[in-house]
Amino acid sequence: MTAFQQTGHFQSHRSHSHKCSCMADIGFTAEEIEQFTWGMRGLYQQLPPAGPGYECYEPTKNCYGLPEVIQAIQYVCTEWHKLYPNGPRVGIGDISYQGGGYMPPHQSHQHGLDVDVALVASNHEEIPLTYYDAKYSRQRTQQLIDLFQNNPILGIRVIFFNDPDVYGVEYCAGHDNHFHVSFLSPGVSAAPYSSDQIGDLRLVVPPMQGERVRKLQADLAKAGIDVGVDGIFGKQTDAAVRQFQSQQGLEIDGIAGAMTQARLAKILRDQPTARGGSEPLGLKLQDIIDQNKAIPFEDVNASLLVEDQRLCTEIQTILRVNGLLEVVDGLYGPKTREALRRFKDSRHLGGGDVLGATTARALLDSRPGMGSLPDWQGGDKQATIQAIIQEAHRQGITSKAQIAYILATAQHETADSFQPVREGYFLGEPNAEIHRQSLRYSPYYGRGYVQLTWDYNYRQYSDILGIDLVNEPDLVMRPDISLFILVDGMKRGVFTGVKLDDYISEQRIDYYNARRIINWIDQAERIATHANDWQTRLA
């Protein structure tokens, strides 16, 4: 019996990994798919069940990968063994089957290029962990991720992991209790993976390159930062991003994420426009209607949409939720132009390649949020309680126990006021605002009847509602939007991956652990007491 089995790691973590499987679409290039088709699966090699610095916690049939992947894993684990000769060892999970192909319930792990890795404890124990467990070691897990990122054998496409304080990873639902490493395919040029994709821009190997990097460099230069504009995110660009972050009081990590890009865009909007005017950019579709503007969009190099990233983002968000565009990045290009043309064609709108008041109104009317949002403009405490009950019913929640817990959550998160609040409100102004600005995830701090935080959650609800919450996060304070998010997020498990049905059903009512839907078990006992009170009242 192995140490992982003795500690219960094998069975327990195996169960966790299958519940929290990676459903992300890793995405392969046409060149890779052709390689897989021509028999790369025949090259698979099995990772031995244990070796220097590691042990597999999944069955051996799940631990096949391309030889370079196996070599990279063994290299990382050997280096880990040098750092921690007395343990804990690295826990290796699913890789692929011997012949590749679908590995239920993962969407990835089909081509011998992906591996799940257990989180590391702060002591010698080899136990299943989530990143919010007391025994989880962020420092050691970061070390292990850095070893994967810097291994000399095979490049890394992406690492999925949800600890917001770990660098070099991307958020993906289901990755609280392990991280997922996706390697680059051997023998395929790295350019297709490292060029422009949606998400953060940062220094990686191989370097990111493309038009998004070029625009970032150009914008930094416009903001007074000395940087070359070559479209390659190298050390000079990393230094330029860090300089900009330092000047703006942002966290200095060299990552051009949503917060850094939003601050950069704001600075450029506040500068006089290139056309000699003094009015900053920052139009909304409603402004086009109110001012009866007409914006040509046929020229992707000269359009106002190129200069006004905020307006472009608002339009892209709506086009995306209507199935006409894949990426929302605020960058106006041929795909956005063609999506606008298709939108106008689908609505039989004339006027050629011009975005005028009629098209702007049609775009606003096509937002899914027009039908998703409740008819709720806010009210006093009793009115809000009734609105929450009605919204729960509108979204298909009939269980009194679940409604009781939603009410208990709103009661706790708003300090019994049942009004949308901003994170840190209890500190009083201006101390609360100083606190918010200091948060790593600012400006995407908590807002609403339940505290919606982090840029990826704001982006997710932008997609759901067709409303640009990324550039205008304060819209979450709107009572109708906040009410929708409160109920929808708890119903579908948006906030932490855990939903109401997981703890409150006909079979059981676990109000204490239901707190994991929002924020681990913080104040779980108090909120459980509120929920019991509400259940009694509702009955």
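This is a predicted model: local features need pLDDT of at least 70, side-chain atom pairs count only at pLDDT 80 or more; totals for chains, interfaces and linings use all residues.
In which sense do strands β6 and β8 pair, and over how many bridges? They pair in the antiparallel sense, over five bridges. Residues are numbered from 1 along each chain as its sequence is written, and side-chain values use heavy atoms, with hydrogens and water left out.

**View 1. Strand β8 and its two partners.** Strands here are DSSP runs of E, at least two residues long, numbered from the N terminus, and two strands pair if DSSP finds at least two bridges between them. Strand β6 covers residues 114-118, and its D116 has H180 of β8 as bridge partner. Strand β7 (residues 156-160) also pairs with β8 in the antiparallel sense, over four bridges. Here F160 stands opposite H180.

**View 2. The two faces of β8.** H178, H180 and S182 point one way, while F179, V181 and F183 point the other way. Six of the six residues of β8 (residues 178-183) are buried, so the strand is largely enclosed by the rest of the structure. Buried means under 20% relative accessible area, with a 1.4 Å probe and protein chains only.

**View 3. N62 in its loop.** Find N62 in the loop between β3 (54-56) and β4 (64-65). N62 counts as buried because its relative accessibility is 3%. Its side chain makes a polar contact with the side chain of D94 at 2.8 Å. A polar contact is a pair of N or O atoms within 3.5 Å; within protein, one must be able to donate a hydrogen and the other to accept it, and residues adjacent in sequence count only if both atoms are side-chain atoms.

Notes. Buried means under 20% relative accessible area, exposed over 50%, partly exposed in between (1.4 Å probe, protein chains only).
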